[in-house]
Amino acid sequence: MIRKTVFAALALTAMAGSAFAASAWTGGDDLPTNPLACDGTPGAAVAKPYDGGEPTGAPDRKGKKITVVDVPKLIGIGYFNATSKGIQDAAKELGNVDAKTDGPTQANIDQQITFIDNYITSGVDGILFAANDPVAIAPVLKKALSKGINVVGYDANSQPDARQWFVNQAEFNGIAKAMVDNMAKEIGEEGAFAIVTSTFTTPNQARWIAEMAAYAEKCHPKMKWLETVEAQEDNVLSFNQATTLINKYGDDLKGIFGMTSVATPASAEAVTQANKCGTIAVVGLATPNAMKPYVEKDCVKSVVLWNPVDLGYAAMQVLRAVADGDLKPGATSVKAGKLGDLQVINGSEILLGAPFVFTKENVGQFDF
């Protein structure tokens, strides 16, 4: 169960005079955590049986042209524009896929469900999705499976049995380590920070926050968490929430984590407008294009992400492999075009790779 909002005042009261490590971070989920080693030693892979779903009566699609719709959390932002580009790149390369991206203009689960349901009715061979809510989206995805439609998730997962495979952009504990290590490097081992996230029920953000808490407790136990605030994936709300944190905590606030591709540049803009560059660090997940102005001016030093173009590309390759019958339960890897063989993890997930840290030295090399 996802933890619901805990008022900041209550959280601060509970933490007053105590080590942060004893408290759960608001915004994290209750699932088990697996923090990586502090020295970067890779974690051991854990074998797990396939736990994804199966389409009912799916026709033989091997080698045949298929129609695929991609319904991300929302459309019209740089991050999902990039995943959509990757999907189109893969479809063009495969040559036997007609793919399109469609979805809500806000990260709204009800609207996302309606979009998916409408495409089930109109008839498609495959559905790609990035879930706004892992539980709420499950029934409509199971409906798609019951109609023989191939279903593959990416970026934000659903309940496993509601889709066949999920392309995981990076393991949650890997993202957590990169985020916390870079924040500790910038604000010191005893620095205090806050988090701007999307919502407390958004699955990937909740998972990252839970893993960040576990890793910080293990490797940076004196860092101090102040508060987590929700900002949907709205630019204005994210800016306002970051500004509120800056004003609320004053000199105590040394860093802000941005948990979405919207929250991170908005937090950097809030720090810039407050004339706090160099005083308050911003570490977060965002596209390099959105962060270049802040990175190049030394207001932001670390942007953690994967390549979302590659993520969309991998998702499309995986769906094609599933439709062709080339990726089946029990597989340990899948061929993903120019990305090579990608590893199967956690039963029914495909791992894109390790997270990447964009810095002033490399951010200019990327354009998405």
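Val152 stands opposite Trp165 in strand S5. This pair belongs to the contact between S4 and S5 (residues 165–168), which run parallel and share 3 bridges. Two strands count as paired if DSSP finds at least two bridges between them. Strands (E, at least two residues) and helices (H or I, at least four) are DSSP runs, numbered from the N terminus. The model is predicted: local features need pLDDT of at least 70, side-chain atom pairs count only at pLDDT 80 or more, and totals for chains, interfaces and linings use all residues. Residues are numbered from 1 along each chain as its sequence is written, and side-chain values use heavy atoms, without hydrogens and water.

S4 (residues 150–154) also pairs with S3 (residues 126–129), in the parallel sense over 4 bridges. There, Ile127 has Val151 as its bridge partner. Of the 5 residues in S4, 5 are buried, meaning under 20% relative accessible area with a 1.4 Å probe, protein chains only. Asn150, Val152 and Tyr154 point one way, while Val151 and Gly153 point the other way. S3, helix H4 (residues 138–146) and S4 form a right-handed β-α-β unit: with the strands pointing away from the viewer, the path from the first strand over the helix to the second runs clockwise.

Another part of the model is an open sheet of 6 strands with mixed pairing, in the order S7-S6-S8-S9-S10-S14. S7 (224–230) and S14 (356–358) are the edge strands; each has a single partner, so one side of each lacks a neighbour in the sheet. Within this order, S6 (residues 192–197) and S8 (residues 255–258) run parallel, joined by 4 bridges. Ile195 stands opposite Phe257 in S8.

Conventions:
Buried < 20%, exposed > 50% of the residue type's maximum accessible area, 1.4 Å probe, protein only.
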